[in-house]
Amino acid sequence: MAASGVEATRRIVADGDGDGRTRVIALTTFDTDVVSALRAGAVGFLLKDVTSEGLADAVRRAVDGEPVMAPSVLARLMDHFAARPPRPPAPPAGVADLSERELEVLTRISAGLSNGEIAAEMVISMATVKTHVRHILAKLDVRDRAQAIVVAHEAGLRHGAR
């Protein structure tokens, strides 16, 4: 029996190489079930009309640990989170363990900034950004930036908000 894309993603991630480097980019005709795919471990979500150059770029970005998202999928994801009623301020596990600087980096990650953009905006080195990202992923107990973005949104972290 065939597994759903979400279940297949979950299995691929679980059966991965064991060091958290297995990456899954969901490729589909419809921009549905984005949140479930990300929760299952996908690092991105593209529509099947993506160009070969766009797909190659997405794979390179995924290998580098960056999330990849088709613009229409990102818009749908943002609408999903914007439409959710506010939650009580209980942050997801691990968020309370983040330092102030790590929270600043996480909010920028959740806004879609790359490591280079974060480094430039915060006036820190790329190596420092990578160290913060590594610590954030460990403290949140997530595999990659895509899952960290979900946690940031669940925690109500917004770039530019104080």
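Biologist: Why is Glu121 called partly exposed?

Modeller: Buried means under 20% relative accessible area, exposed means over 50%, and partly exposed lies in between (1.4 Å probe, protein chains only). Glu121 has 40% relative accessibility, so the label is partly exposed. This is a predicted model, in which local features need pLDDT of at least 70, side-chain atom pairs count only at pLDDT 80 or more, and totals for chains, interfaces and linings use all residues. Residues are numbered from 1 along each chain as its sequence is written, and side-chain values use heavy atoms, leaving out hydrogens and water.

Biologist: What makes Arg108 and Glu121 a salt bridge?

Modeller: The rule asks for a side-chain nitrogen of Lys or Arg within 4 Å of a carboxyl oxygen of Asp or Glu. Here the N to O distance is 2.7 Å, so the pair qualifies. Arg108 is in helix α5 and Glu121 in helix α6 (residues 115-122), 13 residues apart. Helices are DSSP runs (H or I, at least four residues), while strands are E runs of at least two, numbered from the N terminus.

Biologist: Is Arg108 buried or exposed?

Modeller: Arg108 counts as buried, because its relative accessibility is 14%.

Biologist: How many salt bridges does the rule give?

Modeller: Five. One of them joins Arg39 and Glu154, with the closest N and O atoms 2.5 Å apart. Arg39 lies in helix α2 (residues 34-40) and Glu154 in helix α8 (residues 145-154), so this pair ties together parts 115 residues apart in sequence.
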